[in-house]
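Please look through the sequence and the model shown here before reading on. The paragraphs below are meant to be read with both in view.

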Amino acid sequence: MKRIRARRRAFFPLAIAGILAATGLAACSSDGSVKAEVVRVVDGDTFEARYGNETKTVRLLNIDTPETKHPNKIIECQGPEATKFLEGKLPAGTSVTLRFDQEKTDGYNRVLAAAFLGDELVNASIARAGLGVAKEYRPNTKYYGEVKAAQDEAAQKKAGLFQDNLACSPAAVAEQQLAALAAAPADPGTAAASGEITSAAGKLAIALAAAKTATGLLGEAKDAVVAVARSTENAGASAAKLTAAVATAESRHKTLIDRAASVKAEEDRIAAEAKAAEAKRVADEAAAKAAAEARAKAAAEAQAAAEAAARAVPPAPTYVAPSQPYVAPAPAPVQQNPYPGYTGPRCYAPGGKSWRPC
């Protein structure tokens, strides 16, 4: 019986390990770390990993990289470079060790962890490349010191965010947007058509929208990664300068929009008058044509009636000359008086050819 119990005690750990392996559940090591497999990189400080039979989003501790996926912000300076760097460090399928601090998740249900490749702290490697800055997210400060030291190395080497003449720095962004506003189409003048004015206003609106976005970014420069990394840069002055230029551009844009509306209203009035005049001309032509057609119809009807009346009268006889010359008939012979000397009344026989005294 003792042997059976001993065998059972020896079997249980092996069985538990087999169950964990079969279900994909990761067993924590003695220091609380877990092994995970990288699924994909989200941005410079966030990736997805699979462990515990689940895919979870991991936010790296004590490192902040420029935004590339924020719904209300433009892609920040060196953000794409930071994402590409992390993709190179943690390609899909990479086995990585996750170690934790006091709080293990944040308000977005992301796992808060430090990622290790062997002995390499990936969080610090990002900062060492100059593609992120050290941040304290209390109470999780366990890895801040190592990340900050890596950031200092990047600053000395002028790597990434610390390089001179950074094209996407706050000051450079401000200058780019100021140049874009200056290059926006000028007022086309009071004689321009509404379409031309509207086109100029539209192009100015595009430049204005970009400048406003940049102004917002510069206004938050105290929190922006690029500003933190380049603390000697006066982001506030750049923001103020750009803000003033935006206000001027907004006034120009409103003037253009108002004038375009006024010119459009006048164009519509002129077009409406021209349309009415054309409609009247067409109507007059139609009326004149109808009157002419009526007159022509009446004349045709009168002519037809006259022709019909003429056809109703019989034609006069036509004299036809005889083919032979006319010969007058010989006069009838005068009857001789059978009663010589008688001058009294006469009684004629039928036919009137003979008579007798009555």
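Predicted model: local features only at pLDDT ≥ 70, side-chain atom pairs only at ≥ 80, totals over all residues.

Residues are numbered from 1 along each chain as its sequence is written, and side-chain values use heavy atoms, with hydrogens and water left out.

The protein contains 8 helices and 10 strands, these being DSSP runs numbered from the N terminus (helices are H or I of at least four residues, strands E of at least two). Of its 358 residues, 30% are buried, where buried means under 20% relative accessible area, exposed over 50%, and partly exposed in between, with a 1.4 Å probe and protein chains only. Among contacts (heavy atoms within 4.5 Å) between residues at least 6 apart in sequence, 63% join residues at least 24 apart.

Helix H4 (residues 144-157) has 14 residues and spans 20 Å from its first C-alpha to its last, close to the 20 Å expected at 1.5 Å a residue; the expected span is 1.5 Å times one less than the number of residues. Its buried residues are Val147, Ala150, Gln151 and Ala154. Seen down the axis of H4, these fall within an arc of 105°, so they line one face of the helix, the arc being that of the directions from the helix axis to the C-beta atoms. An α-helix has 3.6 residues a turn, so residues three or four places apart point the same way. The cover over the buried residues of H4 includes strand S4 (63-64), helix H3 (122-128) and strand S8 (133-134).

The loop between S8 and H4 holds Pro139, and the peptide bond from Arg138 to Pro139 is cis, with omega near 10°. Just after H4, Lys158 has a positive phi of about 55°; Lys158 lies in the loop between H4 and helix H5 (170-182) and is partly exposed, at 46% relative accessible area. Asn53, in the loop between strand S2 (46-51) and strand S3 (54-60), also has a positive phi, near 65°. Most residues other than glycine have a negative phi, and most peptide bonds are trans.

Finally, a disulfide (a pair of cysteine sulfur atoms within 2.5 Å) joins Cys347 to Cys358, with S to S 1.4 Å. Cys347 is in strand S9 (residues 346-348) and Cys358 in the segment after strand S10 (355-357), 11 residues apart. Cys347 counts as partly exposed at 30% relative accessibility, as does Cys358 at 45%.
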